[in-house]
Amino acid sequence: MSAALIVPNFGTDDAIKPMPKKDMELTTFCFTDNINEHDPRIVKTWDHVIQPPYPAAFLPMRQRAYYFKQQPHRVDELREFRWLVIADAAFQFRETRFIANFLDQLALRPMANRILLAKHPQRATVDEEAAFLLAELDRGNAYFHRRYDAKRVREQMAWFRRVGFRTDVPLYNAGFIIVENNTELHAVFNDWWDMQMRFGQLDQLGLGVILAANEIAPLAFPVANICEGNPYFTFTAHA
């Protein structure tokens with residue numbers, strides 16, 4: 001099974017993490033805005049570290065990173081892979097053989113359900129996540145203010161309801177995704193990207209909504225909290 005591991009790393013929040021020795025057929029890609037900012041010894045542990053000429057440089061760094069998460073099927077280097085494994089730059093992999101086990105499970109599912117995600121460990125629904133985000137912004141959380149805008153979050157949630165999307169739907173952690181590179185899921189990811197470009201806020205809000213609208217039930221990541229006690233990779237908080 002041809003599989004690519006994709007880590008977008010744009011801006012200064014995260015250094016490129018070293019990749020462990022691979023124990024399955026997997027090609028690793030890191031997409032970044034400045035290769036020269038990263039330790040060359042660590043860069044060599046990857047198959048490919050690429051400074052791409054797209055998406056447009058005028059987009060905010062987080063939006064540029066989202067492109068490689070939400071539109072991997074449109075990235076030239078990734079088109080021929082059957083499986084796309086997308087991970088946040090905050091994750092440090094311990095090993096990779098666990099990915100092969102997930103691919104075997106996904107291959108047995110209907111085409112539209114060949115996607116793996118982790119449930120959010122703290123909040124159950126998109127509504128809860130939006131309420132949490134707005135509460136943190138209202139109380140002046142500096143970390144959140146660097147990333148999100150309360151007005152835009154409220155506009156996004158209002159738009160979901162106005163066009164008929166449910167928001168009392170499961171919330172997923174968008175930091176680790178395995179998805180088959182197939183046309184049914186391309187359409188879902190295209191809609192997710194359109195939402196991101198429309199509002200530019202937390203990508204997890206749109207992901208839960210669009211999956212529910214398409215009646216997609218992802219394969220569940222088998223660890224309750226993807227960021228703690230995870231045997232496959234560790235989490236380092238963004239700077």
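Are Phe 102 and Phe 221 buried or exposed? In this predicted model, Phe 102 is buried, as is Phe 221. The legends below begin with these two residues.

**Figure 1. The aromatic pair of Phe 102 and Phe 221.** The model contains 31 aromatic pairs. In one of them, the rings of Phe 102 and Phe 221 are tilted, with 5.9 Å from centre to centre and 55 degrees between the planes. Phe 102 belongs to helix α3 (residues 97-107), whereas Phe 221 lies in the loop between β8 (219-220) and β9 (233-235), so the pair ties together parts that are 119 residues apart in sequence.

**Figure 2. Arginine residues over aromatic rings.** Arg 123 is placed over the face of Phe 132, 3.7 Å from the ring centre. In another such arrangement, the ring of Tyr 143 has the charged end of Arg 147 over it, at 3.8 Å from the ring centre.

**Figure 3. Asn 225 in the loop between β8 and β9.** Asn 225 has a relative accessibility of 17% and therefore counts as buried, the limit being under 20%. A polar atom of its side chain lies 3.0 Å from the backbone nitrogen of Cys 227. Leaving aside residues up to four places away in sequence, Asn 225 touches Pro 121 and Gln 122.

**Figure 4. Helix α8 and its surroundings.** Helix α8 spans residues 203-213, and nine of its eleven residues are buried, so the helix is largely enclosed by the rest of the structure. Among the buried residues are Asp 203, Gln 204, Leu 207 and Ile 210. The buried residues of α8 pack against the helices α2 (61-70), α4 (126-138), α6 (150-162) and α7 (183-199), and also against the strands β6 (115-119) and β7 (172-180). Just after α8, Glu 215 adopts a positive phi of about 55 degrees.

**Figure 5. The largest nonpolar core and a second, separate core.** The largest nonpolar core has 49 residues, of which Phe 31, Leu 78, Ile 177, Val 179 and Phe 189 touch the most other members. Helix α7 supplies the largest share of this core, with seven residues. Not counting residues up to four places away in sequence, the contacts of Phe 189 include Lys 69, Pro 72, His 73, Ile 86, Ile 115, Ile 177 and Val 179.

How values were computed
Residues numbered from 1 in each chain as written. Predicted model: local features only at pLDDT ≥ 70, side-chain atom pairs only at ≥ 80, totals over all residues. Heavy atoms only, no water. Phe/Tyr/Trp six-rings, centres within 6.5 Å; stacked < 30°, edge-to-face > 60°. Helix = DSSP H or I, 4+ residues; strand = E, 2+ residues; numbered from the N terminus. Buried < 20%, exposed > 50% of the residue type's maximum accessible area, 1.4 Å probe, protein only. Lys NZ or Arg CZ within 6 Å of the ring centre and 35° of its normal. Polar contact = N/O pair within 3.5 Å; in protein donor to acceptor, adjacent residues only side chain to side chain. Contact = heavy atoms within 4.5 Å. Core = buried A, V, L, I, M, F, W, Y, C linked by side-chain atoms within 4.5 Å.
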